[in-house]
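Have the sequence and the 3D view open side by side.

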Amino acid sequence: MNRSAAKNLIERYFRQLTDGCGNDDCENEFCASCRRFRPLDKNAAAVRALELCKSNAKLCRPTAPPSELDVPPLDPKEDFSDVHYLTENTVCTILAACEDEGDYSALVRVMGRVFSNAQALMKSFREDHPDGAGDASASIDIDSVRRVYERLRDVEQAQSALLNALVYLAPNVELDLEYLEVYQSDPDYLNVFVILMENGNLHSPEYLELALPQLCKAMSKLPAAGAARLCRLWSGFEPPHVRRMMETFQQLITYTVVSREYDSRRLVNDDETVVAACECLKVVFYASLIGGELDVQHDDGDEADVAPPDEVSPHELLGEERLYKKGPPVDLLGKELGVRAIDGRKPLIPFEDFVNEPLNDVVEMDKDFTFFKVDAETKFSFQTCPFVLNVFTKNQGLYYDNRIRMYSERRLTALYGVVRGQQPSPYLKLKVRRDHLIDDALVRLEMISMENPSDLKKQLFVEFEGEQGVDEGGLSKEFFQLVLEEIFNPDIGMFTYDEDTKLFWFNSSSLETEAQYTLVGIVLGLAIYNNCILDVHFPMVVYRKLMGKKGTFLDLLDSHPVLHKSLTELLDYAGDVEADMSLTFQISHTDLFGSPLLYDLKEDGEDVPVSKENRQEFVELYADYILNASVQRQFRAFKKGFLMVTNESPMRYLFRPEEVELLICGSRKLDFEALEKTVEYDGGYSKETPIIKDFWATLHSFGEEQKKQFLQFTTGTDRAPVGGLGKIKMIIAKNGSDSNRLPTSHTCFNALLFPEYSSKEKLRERLLKAITYAKGFGML
């Protein structure tokens, strides 16, 4: 328990020992309201409160509002002392009386009394109130609450009362939820948060300093069932109201992060305010998901193909099972709701708006990764709230996970070498011939996948036969590039290419074996695992399917836009569908050789006409056939290969499909201004060197294609990594004085070397020749 919570708990015990809970029938021997209780003076009560806190003794729920309210005495005729809960009419009546008298003390007293007591607040603003009592089964009249807050917005005295009441209330609510489990006994306790979160001033400076952090800490104590119920309620709100709550928690996170300093000893993970605000933001995130468009269909059946055996793993023998446990910690809220982030097709609030950049700047992912994988029970990891992290930060977490797995495989290899008297390679080594690249890679990877799939988790080293090159990353990049060029060659027929979308799709009539598709899946998995960027062009539905989803009608817009347009026109057609279009549930398509093939979308589809009543079913079945059924054999093998490498990775939990595409393909946006700011110089060059100034002026003058060639020449890929070009650690080094030598590069280290040319024109000519004609190891 933290110091603040302990202090509040001791104060609760002290008030219980001195004032009691207000229940005349109380049976708690540690409460002043109990008939058997022997009165204590304040000193004795303070000592006793400390003892009760240590022993976690029974704590009563107060039934009477607190008496210590900082308001002036009032005339009994106008103090509204009989008001024990609020309705819109009550607030308007009190406000009108105060305005007539020019004295708001009665309003302050009532607002303070109700808003500082959870029981009174629970009974307030019910939709149906019997005379004189609150109906425990009634729900909150949200519109009434909003109108009340609006009426009080410009009443300074009322705002002060609300602020003071919340400061008093929040710690008690936190204790009620954590130690008394009040939600389990009274689910209407949730109404406290429903009413408080409608306050439009929560993001104001007055609340940000003290009140809002305490409210977030209290809300974070809600059990999963309570948070899920609150989430479902908020999901029915209009987007502006959901956004207001999102922005309230985001502002608290940002305000806290920028106003405090963090280092290796004081981590942001230990900041209770930031952690609590993230937990509250998670409720809003799921509300945004389930309030928008959802696709809860999952297609996880293929994962059984790569599931590990139930026997004790080598990692368990080495005592590393916590680092390599299957899957992430269970997201209790998501489980309670039955929703995952990848289920959201169109949330109420865009995913990007939940990312908090100031927080990303201070998160130390090496330590956060340890908390996520090892100390999840005692330490908070922001990877349990991945929606708040940007893709670059999440990629750092994935990088640590991959590297630790690589190091572990080396340890296991050394262990097996000692036990078996062998010396197996600690790396995944591929020796290939350039003119037989696919055959060599396929045979080697197929053997590994059958004999020892865990070798795919080793660090990749590629060797081109007959070439003197040590793979420090550059040869792997070239290997991936050459493999993909051959695999996606239209002459092979594994994939079809759409000239309009510039995207590839699985050829349902391909004659290639499943092993070939498995190789493609392994290559994509190895690229992520070894932090390489690939030049692949798949529609987004491929990444959705890799994440366990099925292709739906919405996905056709990206993958098959012409078909999507035709089916949309069918859905929108106002005339007689059956008579005018003469469609049936039998469709036709062409095979590899252009011959027509017929397929029944349902039994006896040729005899079932498409009508206005069943056209939605026709569209859904058509999309399912194109995206799922027709390519099931090919995609099943492709996904199997991908999961051979990534099945134990936290990737599927941390990333959305569009972020997985970014991991594999990199960014098409090339910001060379950002690259210029982060590049380092060596060998006598600096950013002030004249030839360096000429170099950047030349590079910025290049066309888009030339810039891609330069990036390919220097880094081994023409895409920017996750986070943009500013995240590349590039070095520009001097390679002698003026000469006719071409610039050279070491793609393994993103290093560019060129002589100190005598003129800008010579630099441009030499650089263009180098980036245009360079290909293969040995050019450098």
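**A walk through the model**

Ser 408 counts as buried because its relative accessibility is 1%; buried means under 20% relative accessible area, exposed over 50%, and partly exposed in between, with a 1.4 Å probe and protein chains only. The model is predicted, so local features need pLDDT of at least 70 and side-chain atom pairs count only at pLDDT 80 or more, while totals for chains, interfaces and linings use all residues. Residues are numbered from 1 along each chain as its sequence is written, and side-chain values use heavy atoms, with hydrogens and water left out.

Ser 408 lies in helix α18. Helices (H or I, at least four residues) and strands (E, at least two) are DSSP runs, numbered from the N terminus. The C-alpha atom of Ser 408 is 8.7 Å from that of Lys 458, although 50 residues separate the two along the chain.

The protein as a whole has 33 helices and twelve strands. It has 780 residues, and 49% of them count as buried. Contact means heavy atoms within 4.5 Å. Of the contacts between residues at least 6 apart in sequence, 73% join residues at least 24 apart.

Two helices can be looked at in turn. The buried residues in α11 include Gly 226, Leu 230, Cys 231 and Trp 234. Among the elements that cover the buried residues of α11 are α10 (205-219), α12 (239-259) and α13 (272-291).

Helix α29 (residues 657-665) is largely enclosed by the rest of the structure, because seven of its nine residues are buried. They are Pro 657, Glu 659, Val 660, Glu 661, Leu 663, Ile 664 and Cys 665. After α29 comes Gly 666, with a positive phi near 75°.

Next come two strands. β5 (residues 495-498) and β6 (residues 503-506) pair in the antiparallel sense over four bridges; two strands pair if DSSP finds at least two bridges between them. Tyr 497 stands opposite Phe 504 in β6. The two strands, β5 and β6, form a hairpin with four residues between them, and Lys 502 in the turn has a positive phi of about 60°.

How many cavities of 30 Å³ or more does a search of the whole structure find? It finds four. On a 1 Å grid over the protein atoms alone, a cavity is a set of points where a 1.4 Å probe fits but cannot get out, and lining residues have an atom within 4 Å of a point. Grid points are joined across faces, edges and corners, and a volume is the space filled by probe spheres set on the points.

The largest cavity has a volume of about 60 Å³. It is lined by 13 residues, and those closest to its centre are Asn 402, Tyr 529, Val 645, Thr 646 and Ser 649. Helices α18, α21 and α27 each supply at least two residues of this lining.

The second largest cavity holds about 50 Å³ of space. Its lining includes Phe 115, Tyr 149, Asn 199 and Tyr 207. Helix α7 (residues 156-180) gives the most to this lining, with three residues.

Terms used:
On a 1 Å grid over the protein atoms alone, a cavity is a set of points where a 1.4 Å probe fits but cannot get out, and a pocket is an open set with protein on both sides within 12 Å along at least five of seven lines; lining residues have an atom within 4 Å of a point.
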